[in-house]
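Here is a short briefing to read alongside the model. Take a moment to open the structure, and then we can walk through it together.

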Amino acid sequence: MQQHIPTPTEERTIKEVQQTTCCIVGGGPAGAVLALLLARKGIAVMLLEAHMDFEREFRGDTVHPSTMEIMDQLGLADRLLQLPHTEMGQFTIQASNGTLPLANLNLLHTRFPFVTVMAQSRFLDFITEEARRYPSFQLVMGAQVDELIEKDGVARGVRYRGQDGWYEVQAVLTVGADGRFSRLRKLAGFEPIKTSPPMDILWFRLSRKESDPISGLGGRQKQGIIVALINRFDYWQVGFVIPKGGYQELRAQGLEQLRQKLAQVVPELADRVDELKEWKQISVLAVESSRLPRWYRPGLLLIGDAAHVMSPVGGVGINYAIQDAVVAANRLASKLQFGIVQTRDLAAIQKERELPTRAIQAFQVLIQQAILARAIQAKTNIAIPASVRYLLRLPLIRVLPARLIAFGLRRVRISQQLL
Ligand SMILES: Cc1cc2nc3c(=O)[nH]c(=O)nc-3n(C[C@H](O)[C@H](O)[C@H](O)COP(=O)(O)OP(=O)(O)OC[C@H]3O[C@@H](n4cnc5c(N)ncnc54)[C@H](O)[C@@H]3O)c2cc1C
């Protein structure tokens, strides 16, 4: 394990030293939901978010049935569903040998048999607005955490650069929910185990018309080209899958090639591929997948993408981040109320979440290698093997992909003592 070498702070004048019980770094889905659950129990919680708002381009926009059930437990589901969103109940895959119903969420026993597609910024605004109702909650936007405070081998809080200088937060527990490029993970000296998914994603926008005949979240594939479309109401967010490291080759072929490929796979948008005029409209997202062998050390816990970066296959990252937050709150709230957290409490969180994480990552690797990589490299249409088609007709089997998308490996619920 890498040893943490503290950054010299002598030249940093700390404007204020703040005290809290739980300091959460990162206001993504994991951090925001954990903060809400703890604040509801009167635990002093400080949520530090580097950005000034929750608008972010590189974000997923899915709220899965698992999260809706958690919102329902909190009495928030109906209000959440009043925000602009679309609902997807069925996921199909267009293969060269026909259309296959991959996951039908209507088969599930849940009040919410659909994936809610909603701007993540709205979801995070909603959660943090709700948390603000509790006096023990504090949100600091524009707080760039850069240092972990450690005393006698125990994490005791962080230092962050705020709008007008440096601040120190002293805490009983520090939670790193700061995403795939986690600063806290680095500061703690944790090295993730990485697997390299065989693809990268080009990420760009095309305009959207109300009359577009495509539903909320769509996936298309043709001759090795795979495109995901997310309805962001004002525009289409397009994810164009390319082989890992294939960006330079694509660029050398010219933008017109990309426009043509896009029009070929999504003919409904052919009339506006010309909106792509220069490469700077297009971002390249290096797809990653990794997990930490250890998610904690005394006084410090990592959750969500900071502990395990998910590949985009199946769109499960948000769901898993929120499930981590719920498990952390279930296990820690009663301890934090007394201002004590033992390392074994943190270990228990990893223990509960590690198997579901490893299982879903293994499933993603399988899909990536067996289906996506082959199709992308060979530039062929995805073909679903006859055995898979047969299995997906069996009632007991065909419900499994829907369950996995909806709930992950296990359903996670907020414990009664937190309600
Ligand atoms: C382009 C893209 C599309 C995706 N699509 C989907 C999808 O459709 N469905 C799905 O489920 N998942 C999707 N994902 C994955 C999903 O977004 C993540 O798994 C999920 O957001 C993880 O939540 P999190 O709370 O752990 O971290 P994040 O959402 O990454 O939040 C981390 C937060 O920490 C803040 N932060 C970082 N460093 C610091 C610091 N030093 N100090 C203070 N704050 C800091 C960041 O600003 C950020 O707000 C997608 C990911 C990408 C990149």
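Which residue in β18 is the bridge partner of K194? The answer is S290. Keep in mind that this is a predicted model.

- β12, β18 and β21 form an open sheet of three strands, in the order β12-β18-β21, with antiparallel pairing.
- The edges are taken by β12 (193–195) and β21 (308–309); each has a single partner strand, so one side of each is left without a neighbour in the sheet.
- Three bridges link β12 to strand β18 (residues 289–291) in the antiparallel sense.

- In the side chain of E49, an N or O atom is 2.7 Å from an oxygen atom of the ligand.
- V145 contributes through its backbone, where an N or O atom lies 3.0 Å from a nitrogen atom of the ligand.
- I318 also uses a backbone N or O atom, which lies 2.9 Å from an oxygen atom of the ligand.
- The ligand exposes 1,000 Å² when taken alone, and the protein buries 89% of that.

**The shell around the ligand**
- Two or more residues of the shell come from each of α1 (29–40), β2 (45–49), β9 (144–151) and α8 (317–336).
- With three residues, α8 gives the most to this shell.
- The ligand is surrounded by 33 residues, and the closest are E49, H51, R59, T62 and D305.
- Sorted by class, the shell has 14 nonpolar, twelve polar and seven charged residues.

Key. Residues numbered from 1 in each chain as written. Predicted model: local features only at pLDDT ≥ 70, side-chain atom pairs only at ≥ 80, totals over all residues. Heavy atoms only, no water. Near = heavy atom within 4 Å. Polar contact = N/O pair within 3.5 Å; in protein donor to acceptor, adjacent residues only side chain to side chain. Areas by Shrake-Rupley, 256 points an atom, 1.4 Å probe, with all protein chains shown as cover. Helix = DSSP H or I, 4+ residues; strand = E, 2+ residues; numbered from the N terminus. Nonpolar A, V, L, I, M, F, W, Y, C, P; charged D, E, K, R; others polar. Pairing = 2+ DSSP bridges.
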